[in-house]
Amino acid sequence: MMMMVGELVLAAPAILLSLLLTLVVSHFLPLLLNPRAPRGSFGWPLVGETLRFLTPHASNSLGTFLEDRCSRYGRVFKSHLFCTPAIVSCDQELNHFILQNEERLFQCSYPRPIHGILGKSSMLVVLGEDHKRLRNLALTLVTSTKLKPSYLGDIEKIAMDIVGSWHGKATNNITFCEEARKFAFSVIVKQVLGLSSEEPVTAMILEDFLTFMKGLISFPLRIPGTPYAKAVQARERISSTVKGIIEERRKHGSCKKDDFLNVLLSTNELSDEEKVSFVLDSLLGGYETTSLMISMVVYFLGQSATDLDLVKREHQGIRSTKGKEESLTSEDYKKMEYTQHVINEALRCGNIVKFVHRKALKDVRYKGYLIPSGWKVLPVFSAVHLNPSLHGNAQQFQPSRWEGPSQGSSKKFTPFGGGPRLCPGSELAKVEAAFFLHHLVLNFRWIIDGDDVPMAYPYVEFPRGLPIEIEPICSES
């Protein structure tokens with residue numbers, strides 16, 4: 001026995017050396033096997049360059065990693081990210097090519113922990129025909145919802161309630177991101193589940209949803225007590241709550257509500273598990289993206305008195321044609337042209353979605369580049385949005401750059417992705433932002449309280465929650 005232990009002790013260095021060599025060879029072997037891949041570097045074995053790639057930076061900048069790699073290797077380069085060889089694209093043409101060739105040459109490929117927390121039926125991670133089926137349903141729901149009077153009325157009422165609650169506050173300081181999230185969640189939970197913000201079940205869903213969101217952007221360590229583990233549990237509770245709402249409607253036949261869930265219950269194309277997952281996807285998209293977009297608009301307008309004045313004049317003009325209590329309509333939304341320019345510019349500068357995950361399904365040759373089969377591919381949207389050769393004075397907030405036909409739908413502007421995975425609810429998010437802004441600019445002035453900038457982690461957030469100091473516009477409210 002003693003001899004066996006001694007032999008193991010003597011053999012341990014050799015075993016460790018063998019494992020180390022295996023790790024090093026497996027890390028650098030793709031470099032040797034694919035000499036025609038774009039230039040770049042792989043960093044250290046196992047971790048590669050992931051930590052540097054994910055280093056936090058202001059979201060209206062590329063960050064030091066991308067700036068350094070683009071200057072050294074060009075706008076398309078190879079790296080080792082998320083434990084796998086990767087091609088990083090900061091080129092608008094290649095990004096467009098990748099997005100348009102979904103399921104033909106490239107495939108959605110998010111890290112495994114994302115699957116674990118979103119669920120196997122999430123539209124974000126499913127592939128092929130399953131994704132097409134879910135997205136077609138999403139488009140049907142969006143089309144049926146878009147600009148209908150009841151939907152617009154709900155948005156405006158919630159916006160008025162949120163903005164109206166600031167009057168008479170003991171302090172003129174508010175944490176705007178919290179208010180924007182409150183607004184976005186109230187809208188999406190009404191739109192998807194037909195629930196008002198006053199109902200107890202809404203507060204329960206919100207509490208679990210906040211836990212879910214914290215875990216979604218946390219280190220994926222599934223140990224009891226960690227944010228990731230708590231998020232998985234929160235998702236299960238939300239799923240249980242949604243299943244309960246579904247069963248209640250079926251039991252009492254109460255399918256008269258004008259919401260997404262009513263449409264879901266009327267289709268036989270999805271299993272109950274897929275319906276629950278679809279509801280969660282809708283809540284996620286309608287909550288985080290919309291609230292952050294509104295916060296970005298408020299942030300950039302707070303630094304540009306000229307643009308704020310132009311937005312305010314536009315909304316004063318719309319309001320002057322309506323009675324005091326008259327609601328906004330789809331025709332009013334169409335008149336909010338400069339508001340749309342502001343929203344587009346806030347999305348370009350703020351870069352809510354920095355990049356997406358794809359994988360090459362086969363060897364792809366594009367304009368002299370070789371993208372090896374099986375490698376991860378990361379189209380970086382922010383690099384295109386902040387490219388000075390595509391957007392003059394790219395670092396400056398200039399909404400007027402979007403004046404002119406089709407400016408907001410070109411290859412150089414992809415805030416909501418593109419191709420078959422273009423966000424189906426992007427236009428609804430813009431409607432919500434425009435209606436909220438209408439009541440904000442007509443009732444309050446604001447200044448940014450202190451130094452707070454949107455940071456990319458790579459998810460984007462304001463570290464201090466965007467504190468602002470508000471002042472009522474009494475004579476014009």
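The legends below describe close-up views of a predicted model.

**View 1. The largest cavity and its lining.** A search of the whole structure finds 1 cavity of 30 Å³ or more, and about 30 Å³ of space lies in the largest cavity. Its lining is formed by Leu118, Phe212, Arg235, Ser277, Leu280, Asp281 and Leu284, which by class amount to 4 nonpolar, 1 polar and 2 charged residues. Helix H12 (residues 272–301) supplies the largest share of this lining, with 4 residues.

**View 2. A nonpolar patch on the surface.** Trp44, Leu46 and Val47 together form this patch, with about 370 Å² of accessible area. Val47 is found in the loop between helix H1 (2–33) and helix H2 (50–53), and counts as partly exposed because its relative accessibility is 40%.

**View 3. The salt bridge of Glu49 and Arg69.** The side chains of these two residues meet at 2.5 Å, N to O. Glu49 lies in the loop between H1 and H2 and Arg69 in helix H3 (residues 64–73), so the pair ties together parts that are 20 residues apart in sequence.

View 4. Asp130 and Arg133 meet through their side chains at 3.0 Å, N to O; being 3 residues apart in helix H6 (residues 128–145), they are separated by about one helical turn. Asp130 is partly exposed at 38% relative accessibility, as is Arg133 at 23%.

**View 5. The salt bridge of Arg319 and Glu156.** The closest N and O atoms of this pair are 3.7 Å apart. The pair links distant parts of the chain, Arg319 in helix H13 (residues 305–320) and Glu156 in helix H7 (residues 149–164), 163 residues apart. Glu156 is buried, with a relative accessible area of 3%.

Note on methods: Residues are numbered from 1 along each chain as its sequence is written. This is a predicted model: local features need pLDDT of at least 70, side-chain atom pairs count only at pLDDT 80 or more; totals for chains, interfaces and linings use all residues. Side-chain values use heavy atoms; hydrogens and water are left out. On a 1 Å grid over the protein atoms alone, a cavity is a set of points where a 1.4 Å probe fits but cannot get out, and a pocket is an open set with protein on both sides within 12 Å along at least five of seven lines; lining residues have an atom within 4 Å of a point. Grid points are joined across faces, edges and corners, and a volume is the space filled by probe spheres set on the points. Helices (H or I, at least four residues) and strands (E, at least two) are DSSP runs, numbered from the N terminus. Ala, Val, Leu, Ile, Met, Phe, Trp, Tyr, Cys and Pro count as nonpolar, Asp, Glu, Lys and Arg as charged, and the others, Gly among them, as polar. Patches are made of residues with over 30% relative accessible area and no salt bridge: like charges are joined within 9 Å, nonpolar side chains (Val, Leu, Ile, Met, Phe, Trp, Tyr) within 5 Å. Accessible areas come from the Shrake-Rupley method with a 1.4 Å probe; for residues, only the protein chains shown count as cover. A salt bridge is a side-chain nitrogen of Lys or Arg within 4 Å of a carboxyl oxygen of Asp or Glu. Buried means under 20% relative accessible area, exposed over 50%, partly exposed in between (1.4 Å probe, protein chains only).
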